[in-house]
Amino acid sequence: MLSRTAENLYWLARYVERAEYLARTIDATLRVTALPAAYIGKTNEWDSALLTAGVAASFYQAYEEANEHNVVEYLSFSMDNPSSIRNCIEAARLNSRSVRTALTSEMWDTINSAWIELQAVWSKGASTREDLAKFLRFVQETSLRFDGSAYRTMLRNDAYWFSRMGVHLERADNTARILDVKYHVLLPEEEHVGGPLDFYQWSSILRSVSALTAYHWVYRETLKPWLIADLLILNDTLPRSLASCYGNLVRNLDQIGVAYGRQGPAQRHARGIRNRLEHSNMDDIFQHGVHEFIQEFITDNSRLGEIITKQYLI
Amino acid sequence: MAVAFDEMNIPGGDLRPAYQELARWLKETPPEALEYRRQEAELLFRRIGITFAVYGDSESTERLIPFDVIPRIMSGKEWARLEKGLKQRVRALNMFLRDIYHGRDILRAEIVPDDLIFQNPVFRPEMNGQQVPHDVYVHIAGIDIVRVDAEDFIVLEDNARTPSGVSYMLENREIMMRLFPDLFARHRVAPVERYPDELLAALRSVAPLSASSEPTVALLTPGVYNSAYYEHSFLADKLGIELVEGRDLIVKNNEVFMRTTEGLKRVDVIYRRVDDDFLDPLTFRPDSVLGVPGLMSAYAAGNITLANAVGTGIADDKAIYSYMPDIVKFYLGEEPILKNVPTWRCREPKDLAYVLDNLSELVVKEVHGSGGYGMLIGPAATKATIEAFRDKLKREPEGFIAQPTLALSTCPTCTASGLAPRHVDLRPFVLTGSKSTTIVPGGLTRVALKEGSLVVNSSQGGGTKDTWILDE
C-alpha cells in the first residue's frame with residue numbers, strides 16, 4: 001500500500017486513541033476533585049492531568065492557573081492546543097478524508113459523524129458539568145465505535161495492521177505517562193500507604209485507563225500500589241497494560257513482516273521491548289526504580305514510532 | 001426568449017410518455033412525504049461526505065450540492081439517438097487531437113485556422129509528434145448536452161480535460177434507490193452501476209506496451225483541498241486503485257513508481273485529475289507541488305499512459321467548439337448527429353459587430369473560462385454590467401465567443417412552493433479504450449434551482465438530479 005496511506009491510517013488511529021485517553025483523564029480528574037480536600041491531599045489534580053497529557057508547558061504559556069475551568073477548556077476544546085480533543089477529532093477527520101479509500105464506510109461514518117457533531121453541538125464547548133459529562137461520553141463512544149468498526153469491518157491486511165499499531169503505540173504511551181506522573185503514589189515506601197488519600201489516587205489512575213473493575217477481577221484484593229503497577233505494566237491480560245500493547249505491536253509487526261516477506265529494525269526493536277517486559281517482575285522494577293523504568297519505556301516507545309515511520313511510512 | 005420546452009408536460013395538458021408513471025406516483029404521494037425524503041437525502045449526502053469546495057468562499061470550505069429528488073426521465077429511444085451522437089463526437093475529438101499533434105491535415109485543409117491552434121495557451125507543443133498509447137487522447141469525456149425541443153440534442157460544451165461529476169451520477173442513483181424503492185419498482189430504469197468497471201477496463205486497455213500483462217492503474221489527485229476530492233476518492237475506491245498525490249510518485253529511468261510500504265512499485269496508467277499545467281514542474285509550471293518531476297519524460301518514453309492525454313484542452317476549447325460540426329464531417333465524412341449552439345466568433349469582425357449590437361440578448365463566454373465563471377448572460381444582466389463587458393470585448397475580442405440565450409428545457413423540480421419547472425442540462429460520460437467507446441445510460445443532470453435561472457453550475461448555485469433512461 002502507499003506509504004502515505006499507511007501513515008494516515010496509523011495517525012488516524014493514534015488521534016482517536018489520544019482523544020479517548022484525554023476524555024478518560026478529564027473524567028477521572030473530575031471525580032477525584034469532587035471529593036472533599038481531606039481525601040485527596042494538597043496535590044493539584046488538574047496540574048497532574050496536564051502532565052499526563054504532556055501539555056503542561058504549553059498550557060502555562062497561555063494560562064496562569066491550572067484549575068478545572070482552564071484545564072478542561074485546554075484539554076477538550078482549545079484550538080491552540082494541538083492535541084486537544086477537538087484538534088484530535090479534526091486531525092482524525094482530515095486523515096480519514098485523505099485515506100477514504102482505505103477505510104470501510106463504517107469507520108468513515110464514525111469519524112465523519114463525530115466531526116459533524118463536534119461542529120454542530122460542541123463548537124462553543126460545554127457550559128455545565130452535565131454538558132461536559134455528555135461530551136466526554138461522546139468522545140469515548142466515538143473511539144469505541146471506531147475501534148469496533150475497524151475490528152468488525154476491515155480486511156486483515158497491512159491497512160488493518162498499521163492502524164492497530166497506531167492504537168497500541170499511542171495506548172502504551174498514554175499508560176506510561178500516567179505512571180510517569182503518578183508513580184510516587186505507587187511507591188511501597190510512601191509514608192501514608194493505605195490511607196484514604198492514596199486510595200482515591202489509585203482508583204483515579206485505574207479509572208483513567210478503564211481498569212478499576214479489571215483490577216478486582218485480576219487480584220481479588222483491595223487496592224495495593226504495587227499490584228496496580230503490576231497490572232498496568234506487566235499484566236498482559238489488561239488491554240491497556242504496557243505488556244499487552246507490546247504483545248500486540250510485535251504481533252502486528254510480524255504480520256506485516258510475513259506479508260511483505262521481510263523483517264527490519266522495527267520488528268527487532270519492538271521484540272526487544274516486549275522481551276524486557278516479559279522477563280521483568282515488579283520487585284526488579286521497584287529496585288531498579290519505577291520512575292527510571294517508565295522513563296526508559298517512554299523513550300523506547302517513541303523510538304519505535306520513529307523506526308516504524310522510517311521503515312514504512314516515508 | 002421563447003417558452004422553454006418542458007420534458008414532462010406537453011402544452012395543452014398532456015404528458016410525455018416517459019413521465020406518465022412518475023406523474024401518477026406524484027399524485028399519490030403527499031407533499032410532506034416528498035419533503036421528508038428530501039431531508040433524508042440531504043442527511044445521507046452529508047453523512048457520506050459527498051461535498052465539494054467552492055473556491056474563494058471562506059465561510060464554508062465544504063458544501064453540499066443541492067439534490068433534487070424528482071428524477072429526470074428520458075425514453076430509451078431518445079437515449080439511443082443521443083448515444084450514437086456522443087460516440088460520433090468523441091471519435092471525432094480523438095481523431096482531431098491525433099491530427100493536430102501529428103500530420104495536421106485539418107489545418108492544411110483550412111477547416112480550422114492555424115492561429116487558433118498555435119497561439120492557444122492550451123496547445124501543448126511538447127505533444128508534437130508524440131505517440132500516445134493506442135492513439136487515444138480523450139479516454140473520459142463529459143459532453144454537456146441541452147435540449148430546446150423534442151427533437152434535437154445540442155452540445156453546449158465538450159469537456160475533454162478532466163471532466164468531473166460522475167460520482168454524483170452514481171451516488172444520486174444509490175440514494176434514489178434507497179429512498180424511492182417503490183418508484184423504481186414502477187419503472188424499468190437502465191442501471192448505471194457498471195460505470196466504474198467500464199472505466200477500469202478502458203484504463204487498463206490503454207496501458208503502454210512496456211507494462212506487464214496486469215497493468216497497475218492509479219488515480220492522481222491534487223489532494224484533499226481540491227473541490228472534486230470526494231469524487232477522486234470515491235472513484236479510486238470503486239475502481240480498487242490507489243489514490244495517489246504527486247508526492248507519492250517518483251520517476252526513475254523514465255518509469256513511474258509509487259512509494260509503498262513495500263518499496264517502489266511501477267505504475268502503468270495514471271487517471272489524472274490534475275491539470276496539464278501542474279503535472280510536471282520540470283516541463284510545465286515550475287512552482288507546482290501537485291505534480292511529479294520527470295513525468296513528462298516518462299510519458300515521452302512511452303512508459304506511462306496519462307488519461308486523459310496531455311494537450312486535450314485544444315479540443316474542448318470554446319474557440320474550437322464552433323468548428324466541431326466541420327471537424328466531425330472532415331474526419332468521419334458523416335453529418336453530425338448532435339447539433340452545436342450557433343456561435344459567433346468574436347475574433348471575426350463581422351461576428352463581433354453583431355455581438356456588440358446584440359449584447360443584451362446573447363450569452364458571451366470567455367474562450368478559456370470554465371465553471372460558469374466570467375460569462376455574461378445578456379438578458380439577465382444590468383446595463384452597467386453589459387457596458388463593462390462591452391469594453392472587455394472590444395479590448396480582446398479573440399478571447400470571447402457569443403451564443404444566443406437558449407431556452408434550456410425544463411423538468412419538474414421541488415421548490416419551496418411545490419413542484420415547478422426548472423432548467424436542466426445533462427453531462428453523459430463517454431469512455432474510450434483501445435477497442436471500444438462506451439457510455440453508461442444516463443449522466444449527470446444539473447438543474448438551475450432559482451426560478452428562471454439558466455446557470456446550472458454547482459459553483460453558481462445549481463443542483464443535481466438522478467437521470468433515468470427507460471429500458472423499454
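Predicted model: local features only at pLDDT ≥ 70, side-chain atom pairs only at ≥ 80, totals over all residues.
Let me start with where the two chains meet: 17 residues of chain B are in contact with 18 residues of chain A, contact meaning that the C-beta atoms, placed from the backbone, lie within 7 Å. On the chain B side, the elements that give two or more residues are α2 (31–48), α9 (229–239), β5 (242–244) and β7 (255–260). Helices here are DSSP runs of H or I with at least four residues, strands are runs of E with at least two, and both are numbered from the N terminus. By class, this side of chain B has five nonpolar, four polar and eight charged residues. Nonpolar covers Ala, Val, Leu, Ile, Met, Phe, Trp, Tyr, Cys and Pro; charged covers Asp, Glu, Lys and Arg; the others, Gly among them, count as polar.

Residues are numbered from 1 along each chain as its sequence is written, while chains are lettered from A and ligands numbered from 1 in the order in which they are written.

Turning to chain A, its secondary structure comes to 16 helices and zero strands. The radius of gyration of chain A is 19 Å, close to the 20 Å that the globule rule gives for 314 residues, so chain A is as compact as a globular protein of that length. That radius is taken over C-alpha atoms, and the rule is 2.2 Å times the number of residues to the power 0.38. Buried residues make up 47% of the 314 residues in chain A; buried means 20 or more other C-beta atoms within 10 Å of the residue's own, with C-beta atoms placed from the backbone.

Helix α8 (residues 129–153) has 25 residues and reaches 35 Å from its first C-alpha to its last, close to the 36 Å expected at 1.5 Å a residue, where the expected span is 1.5 Å times one less than the number of residues. Among its buried residues are A:L132, A:F135, A:L136 and A:V139. The cover over the buried residues of α8(A) includes α1 (3–33), α5 (68–77), α6 (85–98), α7 (105–121) and α9 (158–186) of chain A.

In chain B, four strands form an open, parallel sheet in the order β5-β4-β9-β10, two strands being paired if DSSP finds at least two bridges between them. β5 and β10 (305–307) stand at the edges of this chain B sheet, each with a single partner strand, so one side of each is left without a neighbour in the sheet. Strand β9 (residues 269–272) of chain B is joined to β10(B) by three bridges, and B:Y271 has B:A307 as its bridge partner in β10(B).

Elsewhere in chain B, four of the five residues of strand β13 (residues 362–366) are buried, so β13(B) is largely enclosed by the rest of the structure. β13(B) pairs with strand β15 (residues 400–404) of chain B in the antiparallel sense over five bridges. Two bridges join β13(B) to strand β14 (residues 376–377) of chain B, again antiparallel. B:V363 stands opposite B:Q403 in β15(B) and has B:I377 as its bridge partner in β14(B).

Finally, B:L408 lies in the loop between β15 and β16 (410–415) of chain B. B:L408 and B:A4 are 404 residues apart in sequence, yet 6.2 Å apart in space, C-alpha to C-alpha.

Key:
Buried ≥ 20, exposed ≤ 12 C-beta atoms within 10 Å, placed from the backbone.
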